[in-house]
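Reader: I'd like to learn how to read a structure like this one, feature by feature. Could you take me through it?

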Amino acid sequence: MSYLEYNVKHVPTGLRKVLHLNWALLLLITAVAGVGFLMLYSVAGGSFSPWAEPQMKRYALGVFVMFFVAMVPIWFWRSISGFAYLVTLVLLVLVEVMGSVGMGAQRWIDLGFMRLQPSELMKITLVMSLAAYYDWLPTEKTSKPIWVLIPVLLIIIPNMLVLRQPDLGTSILLLTGGAIVMFLAGVHWGYFAAVISMVVGLVVAVFRSRGTDWQLLKNYQYRRIDTFLDPSSDPLGAGYHITQSKIALGSGGWTGRGFMQGTQSRLNFLPEKHTDFIFTTLAEEFGYVGAVSLLSLYALIVLFCIASAISNKDRYSSLLILGIAGAFFLFFAVNMSMVMGLAPVVGVPLPLVSYGGSAMLVLMAGFGLVQSAHVHRPR
Amino acid sequence: MRGKTPTELTEVHGRLSRRALLLGGSMLAFMTGLGFRMRHLQLDQADQYRLLAEENRINIRLIPPARGEIFDRNGIVLARNEPSYRVTLVPEDAGNVDAVIDKLATLVELDPSELDRAVTEMRRSPPFLPVTIADRVSWDELSRVAVNTPALPGITPEVGLSRYYPLRGDMAHVLGYVGPVSDYDLSKIDNPDQLLRIPRFQIGKVGLEGRMEDDLRGVAGTKRVEVNAVGRIMRELDRREGEQGEDIQLTIDQQLQSYAQARLGDESAAAVVMDCETGDLLAVASAPTFDPNLFVEGISVADYGDLTSNDHRPLAAKSVQGTYPPGSTFKMITALAALEEGIVGYDDTVYCPGHMEISNRRFHCWKRGGHGHMNLVQALRESCDVYFYDLALQVGIDKMSEMAAQFGIGQKFDLPLSGVARGLNPSRDWKSSVRGEDWVVGDTANASIGQGFVLASPLQLAVMTARLATGKAVPPRLVKSINGVEQSVPNAPRLDISPTHLAEVQRGMYAVSNHRRGTAYSKRIIEDEFRMAGKTGTSQVRNITAAERARGVTRNEDLPWNRRDHGLFVNYAPFENPKIAVAVVVEHGSGSKAATPIGRDITLQALYGGTPPLSAYPTKDRNSIEKQQEELEKLVPGREITRRNRA
């Protein structure tokens with residue numbers, strides 16, 4: 001379906017597009033971001049600096065980006081999907097080259113006003129390119145091995161680069177996010193079954209390779225897995241993150257200790273309390289009620305996206321929306337599993353809440369795409 | 001997708017929708033799982049985690065109590081606590097430890113040996129524990145460090161309390177000393193007080209400090225503090241004050257103690273002064289002495305080596321730990337045993353030809369030429385050995401031993417001091433059970449003049465003398481009051497001895513010091529009010545061998561120091577109304593003449609409550625005594641200005 005096939009005359013034009021935005025989704029996003037501001041204010045000890053204020057500015061910029069992306073017709077985004085993917089890939093390579101002189105795990109390009117993490121951008125552009133690919137591909141070819149191999153390569157290539165950085169969290173997100181789009185596009189069950197069994201094999205290999213010359217992960221990643229499996233083995237060393245995080249969560253109880261009363265975060269027992277572990281502060285200060293509320297907000301965002309995708313007759317739009325929703329889901333699901341001790345500490349931030357520029361802007365751009373697809377849906 | 005019919009399109013979209021719904025469903029299921037996990041952590045295990053959070057946040061710190069202070073009977077400070085400034089370093093916070101120490105060295109004078117010790121300690125202990133880098137720094141140095149702390153990561157200036165003994169050596173053998181708690185100390189205690197886990201916490205090691213540790217230490221207070229993740233204290237939540245250690249007042253008279261210590265000087269000697277009525281120990285001196293302050297922060301190997309290699313044994317508290325054959329000072333016991341058994345009358349005489357044959361062995365009198373006819377008073381006065389051999393052979397060791405026991409010989413007095421000696425009051429049973437030999441009559445003869453097996457400490461000799469003076473079984477007492485609560489004076493029962501027999505022995509002792517032929521006559525007191533009764537003693541360390549005699553060694557002074565006889569003198573005064581009993585032992589003093597003047601001088605000092613007038617001394621001694629008094633006044637240290645009478 002080229003853009004000419006869209007039923008253009010029913011698509012709103014000009015500023016009237018604003019009225020057709022998915023306002024409920026924007027409201028939910030703002031609510032989640034608001035929770036983020038509150039928590040950043042709290043972990044700074046009741047101060048807007050150093051985290052809450054810049055985060056609010058970034059959110060404002062993010063909303064602007066979202067609007068901008070939403071106003072541009074979805075068929076434009078579809079047409080540049082492949083190009084966007086290539087550009088991001090080049091940026092990833094650039095980071096690899098420049099980063100080798102940086103501090104071990106440099107993941108960004110300094111743009112002057114902000115630091116851009118190409119791996120963050122890749123989460124969106126990968127979904128875009130896969131959606132465009134399956135939009136272009138005749139459906140009967142979807143499950144043919146050769147046509148399955150191409151999207152697999154699209155996923156694997158950036159993934160290798162991300163793994164080299166090394167960024168296990170993003171790598172997992174890219175793999176799973178890509179797989180979700182392929183699954184939605186209708187690739188045969190058998191492939192997924194095969195991949196899952198391969199992953200199991202790989203996990204075994206990862207553990208078997210430990211200590212040998214060809215070990216697949218860095219030592220710190222092994223240690224994180226060890227402590228995930230048994231956090232009590234080293235409560236002051238590597239298991240510290242998980243132990244302290246669980247203590248903070250658990251001590252919240254029903255309604256929590258009250259805003260800015262969380263001792264775990266206020267006394268610095270929590271590591272990275274403003275980024276990856278911000279959920280624990282929320283759970284400590286607002287308890288089970290607060291934590292479930294945030295979880296519900298996230299669930300609603302995902303549900304609104306799915307609803308929007310199903311009601312959208314355009315295949316590219318549906319795939320894109322679902323892919324972004326899937327990536328979003330993976331973000332918070334991995335982060336929450338991590339702080340609750342269900343997954344190893346892999347360094348995935350809580351979307352829209354954790355302090356961080358790249359992730360926020362990229363997510364908002366992603367939701368811009370969702371909005372664009374929503375506004376320009378065929379009617 | 002191009003060229004597809006609308007139905008085909010709908011079918012393709014339908015599959016997408018189905019899979020989308022399936023995906024959404026699994027996502028919801030996963031999120032529900034997260035919700036349940038959260039419920040488990042936050043609700044089911046909330047109490048447990050909240051407790052852990054509190055444990056994280058709240059740290060209980062001990063507040064070390066101030067150790068009880070020790071005063072003399074007049075409230076003069078003998079041991080107190082003074083602020084001690086030190087600089088500690090936490091290796092973890094310091095980062096580059098060497099660089100920090102170099103920087104610190106520009107501000108504080110660092111002792112290289114202490115620095116070595118600190119570095120060793122750092123290697124052994126975890127990096128977050130503070131290690132003392134400089135101890136006993138001055139206030140100026142501490143301020144300099146405090147001002148520069150921003151440039152000295154990991155360095156903390158600290159103020160603590162440290163023990164200080166203002167009289168230095170004068171009280172060393174009574175008080176003992178405190179020192180940093182050691183692993184060895186901890187291993188001896190079953191359930192050690194948490195306080196002892198504080199690094200370098202000072203506990204009593206020996207002497208009164210050691211024996212009365214429980215009273216002196218006090219009870220630790222606690223404060224609950226909120227700490228952050230790196231252990232820095234954010235605020236104090238609450239505080240429970242501990243209890244300060246109990247102050248102890250001794251029966252010791254510091255002025256007399258210091259005088260006695262100075263009078264003994266560098267001799268290897270001991271002197272004990274006791275109140276005859278109450279048993280209060282007024283002075284318990286042992287020489288040479290040492291500075292207990294050296295031990296407080298841990299003594300250096302060199303200093304300790306000096307103390308242990310000295311053949312005069314400065315670390316030994318000879319006054320209570322040392323035991324010596326009492327020599328002729330034991331003769332009162334033999335005399336009383338014989339009197340009580342009715343073996344001898346006051347005027348019965350024994351002829352002394354200078355020796356006596358007992359079971360084919362010749363026992364000599366100290367006077368080779370013999371004393372001639374001696375009665376009891378004369379025999380005590382001139383210390384005739386043969387007279388007492390004769391008495392002893394008639395009365396037997398059993399009665400002598402019973403008598404000695406009444407006077408405290410062989411009894412371990414319950415005093416809060418280290419290693420209080422039992423001495424030895426020999427008997428038939430003792431010899432057969434310990435040495436596996438039968439008691440022979442020669443042993444009795446030896447015991448009668450305080451030689452052979454008999455052993456007594458200077459403390460026991462003082463107690464014996466006090467009992468001779470009062471006829472009461474006075475026990476010694478060292479602690480006058482604890483925390484202002486006066487300790488009861490134990491009541492002293494009358495001895496089971498006829499007062500007239502005792503009076504006769506006392507007359508003999510009076511003659512020792514006041515009769516022209518008395519063995520202590522030349523070192524008498526001529527002030528009538530303070531006349532003393534005493535007894536001299538010489539205890540042989542070993543006989544002069546025939547080989548030595550052949551080389552011309554006839555006098556004791558010709559022997560090497562450690563083989564010379566011990567000199568002893570016991571006395572009480574005033575004779576009419578006994579107040580104090582004194583015992584002096586001078587190790588290897590070549591006979592009683594070394595001990596007698598010391599006993600006399602200490603007695604006068606005690607009776608006058610300070611330097612006595614020269615008129616108390618015999619005329620021919622006055623010049624030398626005047627010189628001696630001047631010398632000693634220089635030695636007696638200035639007292640603590642703060643007089644705090646807690647009694």
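Predicted model: local features only at pLDDT ≥ 70, side-chain atom pairs only at ≥ 80, totals over all residues.

Reader: Let's start with chain A. What does the secondary structure of chain A come to?

Author: Chain A has 15 helices and two strands. It runs to 379 residues, of which 50% count as buried. If you take the contacts in chain A with a separation of 6 or more, 72% of them are between residues 24 or more positions apart.

Reader: And how many residues of chain A are in contact with chain B?

Author: On the chain A side there are 45, and they touch 35 residues of chain B. Several helices of chain A supply at least two residues each to that side: helix 8 (168-184), helix 11 (240-250), helix 12 (263-266), helix 13 (278-311) and helix 14 (315-339). The most comes from helix 13 of chain A, with 12 residues. By class, the side of chain A that touches chain B has 28 nonpolar, 13 polar and four charged residues.

Reader: Now sheets. What holds the strands of a sheet together?

Author: The general idea is that strands pair through backbone hydrogen bonds, and they do so either parallel or antiparallel. In chain B, an open sheet of five strands shows antiparallel pairing, in the order 12-11-21-20-19. Strand 12 (281-287) and strand 19 (533-539) of chain B are the edge strands, each pairing on one side only. From one strand to the next, the twist averages 5°.

Reader: Can we zoom in on one pair? How many bridges join strand 19 of chain B to strand 20 of chain B?

Author: Seven bridges join these two antiparallel strands of chain B, with strand 20 covering residues 566-573. To find your place in the pairing, look for B:K535, which stands opposite B:V570 in strand 20 of chain B.

Reader: Which helix packs on the sheet and touches strand 21 of chain B?

Author: That's helix 24 (residues 596-608) of chain B, which touches strand 11, strand 12, strand 19, strand 20 and strand 21 (580-586) of chain B. Its direction makes about 150° with that of strand 21 of chain B. Helix 11 (residues 254-264) of chain B lies across strand 11 (269-275) and strand 12 of chain B, and runs at about 25° to strand 12 of chain B.

Reader: How do you describe two packed helices?

Author: You give the angle between their axes and the distance between the axes. For helix 11 and helix 24 of chain B, the angle is about 160° and the axes are 10 Å apart. Angles over 145 degrees count as roughly antiparallel, so helix 11 of chain B is roughly antiparallel to helix 24 of chain B. Their crossing is right-handed. Helix 11 of chain B brings B:L256, B:Y259, B:A260, B:R263 and B:L264 to the contact, while helix 24 of chain B brings B:I598, B:D601, B:I602, B:Q605 and B:A606. By class, that contact has seven nonpolar, one polar and two charged residues.

Reader: Which strands of chain B form a hairpin with two residues between them?

Author: Look at strand 14 (residues 355-358) and strand 15 (residues 361-364) of chain B, which run antiparallel and are joined by four bridges. B:H355 stands opposite B:H364, and the bridge partner of B:I358 is B:R361. In the turn of this hairpin, B:S359 has a positive phi of about 35°.

Terms used: Residues numbered from 1 in each chain as written. Chains lettered and ligands numbered in written order. Contact = placed C-beta atoms within 7 Å. Nonpolar A, V, L, I, M, F, W, Y, C, P; charged D, E, K, R; others polar. Pairing = 2+ DSSP bridges. Axes fitted to C-alpha atoms, helices over the stretch in contact; angles between N-to-C directions. Parallel < 35°, antiparallel > 145°, perpendicular 65-115°, else oblique. Left-handed = near helix turned anticlockwise from the far one by under 90°. Buried ≥ 20, exposed ≤ 12 C-beta atoms within 10 Å, placed from the backbone.
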